[in-house]
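Q: I'd like to learn how to read a fold from its strands and helices. Could you walk me through one?

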Amino acid sequence: MTSMSGSGNGVNRRSAVSALLALGLCGAAPARAAPAVYQDFWIAPRELWVYRKETGEVGRYEYWRDGQIQLEAWYEILHLLRDVVAGVAIHYDPRAIDIVWGVQEWIWRDSGRRHIFRLSDGARMESTNLMIKGASPVSEHLKGHATDGRFEGIDLNVYARAARSFRAGGVGLYKAHVHTDCGAIRTWGI
Ligand SMILES: [Zn+2]
């Protein structure tokens with residue numbers, strides 16, 4: 001099982017720093033002389049705070065610690081990400097969750113506030129995907145690669161641009177949510 005460990009693949013720390021600086025997130029602390037650089041960012045424990053509106057489920061899941069996936073929390077996340085129409089959970093690529101966690105963590109470190117992730121869509125069976133108008137027949141949601149959602153109190157544009165800065169997959173900006181996935185690098189709607 002692979003995950004973003006800062007060893008080269010996946011999320012690029014430097015680009016995340018510069019993008020978030022450009023977004024002005026560090027501007028919330030004008031007394032700071034220099035931007036913070038978090039050397040431990042991709043080796044620190046990863047705890048995702050998430051809320052699923054259709055089901056009312058909410059939790060804090062520390063799914064990665066000491067270089068490995070924490071299976072109990074991970075399975076809880078997979079359950080939360082399930083296709084709620086079909087009632088089926090599928091395996092997820094951890095990098096899909098690392099993207100969401102990375103944005104949440106960075107905002108927290110810079111602002112001191114954990115903005116909960118409001119998940120609006122995760123895994124999809126083909127039968128569910130067919131019911132969604134405009135959904136790609138090869139959607140990353142079918143592969144356990146994608147999430148749709150937003151961060152409470154964070155502008156959708158900020159989320160989309162921060163996710164894009166990781167260069168870790170696809171980012172799409174919609175009216176009420178941002179789509180992120182760990183597939184090919186591409187953007188739309190931004
Ligand atoms: Zn999506």
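A: Gladly! Helices (H or I, at least four residues) and strands (E, at least two) are DSSP runs, numbered from the N terminus, and two strands pair if DSSP finds at least two bridges between them. Take β2 and β3: they form a hairpin with two residues between them, and Asp66 in that turn has a positive phi of about 50 degrees.

Q: What should I know about the model before going further?
A: It is a predicted model, in which local features need pLDDT of at least 70 and side-chain atom pairs count only at pLDDT 80 or more, while totals for chains, interfaces and linings use all residues. Residues are numbered from 1 along each chain as its sequence is written.

Q: How many helices and strands does the protein have, and in what order do the elements run?
A: There are five helices and eight strands. From the N terminus on, the order is α-β-β-β-α-α-β-α-β-α-β-β-β.

Q: In what order do the strands sit in the sheet?
A: The eight strands form an open sheet with mixed pairing, ordered β3-β2-β1-β4-β5-β7-β6-β8. Because β3 (68-69) and β8 (186-188) each have a single partner strand, they stand at the edges, and one side of each is left without a neighbour in the sheet.

Q: Which strands pair with β7?
A: Strand β5 (residues 146-151) pairs with β7 (residues 178-181) in the antiparallel sense over four bridges; Ala146 has Asp181 as its partner, and Gly149 has Val178. A hairpin of four residues joins β6 to β7.

Q: Are the residues of β7 buried or exposed?
A: A residue is buried if 20 or more other C-beta atoms lie within 10 Å of its own, exposed if 12 or fewer, and partly exposed in between, with C-beta atoms placed from the backbone. Val178 and Thr180 point one way from β7, His179 and Asp181 the other way, and all are buried. Across the protein, buried residues make up 36% of the 190 residues.

Q: How do I check the span of α3?
A: The expected span is 1.5 Å times one less than the number of residues. For the 18 residues of α3 this should give 26 Å, and the end C-alpha atoms are 25 Å apart, which agrees. Of those 18 residues, 15 are buried. Gly112 follows α3 with a positive phi near 80 degrees.

Q: And how do I read two packed helices?
A: Two packed helices are described by the angle between their axes and the distance between the axes. Axes are lines fitted to C-alpha atoms, for helices over the stretch in contact, and angles run from 0 to 180 degrees between N-to-C directions. The axes of α3 and α5 come within 10 Å and cross at roughly 115 degrees.

Q: Which residues of α3 and α5 meet?
A: Contact requires C-beta atoms, placed from the backbone, within 7 Å. Ile99, Val103 and Trp106 in α3 meet Tyr159, Ala162 and Ala163 in α5.

Technical notes: Contact = placed C-beta atoms within 7 Å.
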